[in-house]
Amino acid sequence: MTNPLANRIALVTGASRGIGFATAKALAKAGAHIVATARTQGGLEELDDEIRKDGGSATLVPLNLTDSDGIARLGAGLHERYGKLDILVGNAGVLGPSSPVGHIELKTFTDVMAVNVSANFQLIRCMEPLLRQSDAGRAVFITSGAANKATAYVSPYAASKAALETLARAWAQETTNTPLRVNLFNPGPIRTRMRATLMPGEDPATLETPEQVAEFIVPMCAPDWTETGKFYDYKTRTLMSFRSPA
């Protein structure tokens with residue numbers, strides 16, 4: 001059995017459950033050593049157990065991504081230990097309130113932006129030098145259809161994902177002449193805790209699982225993936241280019 005990601009170092013944020021958990025596990029199964037971050041120690045330990053069952057390895061980093069200094073320390077630690085980073089999966093995100101725009105407190109809005117946008121900005125700042133040390137650095141950020149639909153009643157989440165998409169696309173443009181490839185992945189409605197919070201009356205059995213999604217994220221992290229600045233829509237299984245409005 002081949003391990004296409006053997007000897008590669010993969011950082012996965014929000015790895016204690018859902019898509020992050022499944023992606024970290026799938027990347028490890030493909031041979032990568034996983035650096036897993038999340039706020040929940042118990043979830044990370046469960047991930048470590050699952051990865052070890054499959055013969056993989058992981059480093060667990062309990063970290064709140066609003067701790068920008070902590071992200072910087074993580075970057076320094078990865079530099080000291082490995083001298084590079086091959087894969088970054090920016091998965092961690094929060095839904096925030098479900099409420100009309102005018103009813104949302106400023107702090108609540110900024111808390112969502114802190115996790116969904118500012119933390120990813122800091123990850124880019126701190127991990128780009130390490131990704132550039134890889135022969136084939138790959139970055140994938142998890143986005144949402146809410147970004148372009150401007151979904152009502154989840155405006156902080158929708159705005160944050162739109163900002164994340166623009167941030168990632170700008171970074172892709174800046175690194176297009178390097179080996180680094182930067183892309184976005186939209187999973188759509190998936191059987192996660194976040195989806196259950198947003199749609200409590202929905203039957204989760206009608207939704208696909210994080211494990212199914214992860215199988216499509218892994219190829220985007222591989223050295224032979226060549227596209228950059230693109231958007232993978234899981235629901236339609238389509239890799240899309242961004243187009244300016246008509």
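The legends below describe close-up views of a predicted model. Local features need pLDDT of at least 70 and side-chain atom pairs count only at pLDDT 80 or more, while totals for chains, interfaces and linings use all residues. Residues are numbered from 1 along each chain as its sequence is written, and side-chain values use heavy atoms, with hydrogens and water left out.

**View 1. Helices α3 and α4 pack against each other.** Two packed helices are described by the angle between their axes and the distance between the axes. Helices (H or I, at least four residues) and strands (E, at least two) are DSSP runs, numbered from the N terminus. Axes are lines fitted to C-alpha atoms, for helices over the stretch in contact, and angles run from 0 to 180 degrees between N-to-C directions. Helix α3 covers residues 68-81 and helix α4 residues 106-132; their axes are 9 Å apart, at an angle of about 20°. This angle makes α3 roughly parallel to α4 (under 35 degrees is roughly parallel, over 145 roughly antiparallel, 65 to 115 roughly perpendicular, and the rest oblique). In contact (heavy atoms within 4.5 Å) are S68, I71, A72, L74, G75, L78 and H79 of α3 with A119, Q122, L123, C126, M127 and L130 of α4. By class, this contact of α3 with α4 has nine nonpolar, four polar and no charged residues. Ala, Val, Leu, Ile, Met, Phe, Trp, Tyr, Cys and Pro count as nonpolar, Asp, Glu, Lys and Arg as charged, and the others, Gly among them, as polar.

**View 2. Helices α1 and α8 cross at roughly 55°.** Helix α1 (residues 18-29) and helix α8 (residues 210-217) have axes that come within 8 Å. The angle makes α1 oblique to α8. Their crossing is right-handed. On the α1 side are G18, I19, A22, T23 and A26, and on the α8 side P210, E211, V213, A214, E215 and I217. The contact of α1 with α8 has seven nonpolar, two polar and two charged residues.

**View 3. A26 sits in helix α1.** A26 is buried, at 12% relative accessibility (buried is under 20% relative accessible area, exposed over 50%, partly exposed in between, with a 1.4 Å probe and protein chains only). Apart from neighbours within four places in sequence, A26 is in contact with A214, E215 and V218.

**View 4. N116 belongs to helix α4.** The relative accessible area of N116 is 0%, so N116 is buried. Not counting residues up to four places away in sequence, N116 touches A92, G93, V94, Y157, S160 and L164.

View 5. C126 is buried at 16% relative accessibility, and C221 is buried at 0%.

**View 6. N7 and Y153 have positive phi values.** Most residues other than glycine have a negative phi. Phi is near 70° in N7 and near 75° in Y153. N7 lies in the segment before β1 (9-13) and is exposed, with a relative accessible area of 69%. Y153 lies in the loop between α5 (146-149) and α6 (155-174) and is exposed at 53%.

Conventions. Left-handed = near helix turned anticlockwise from the far one by under 90°.
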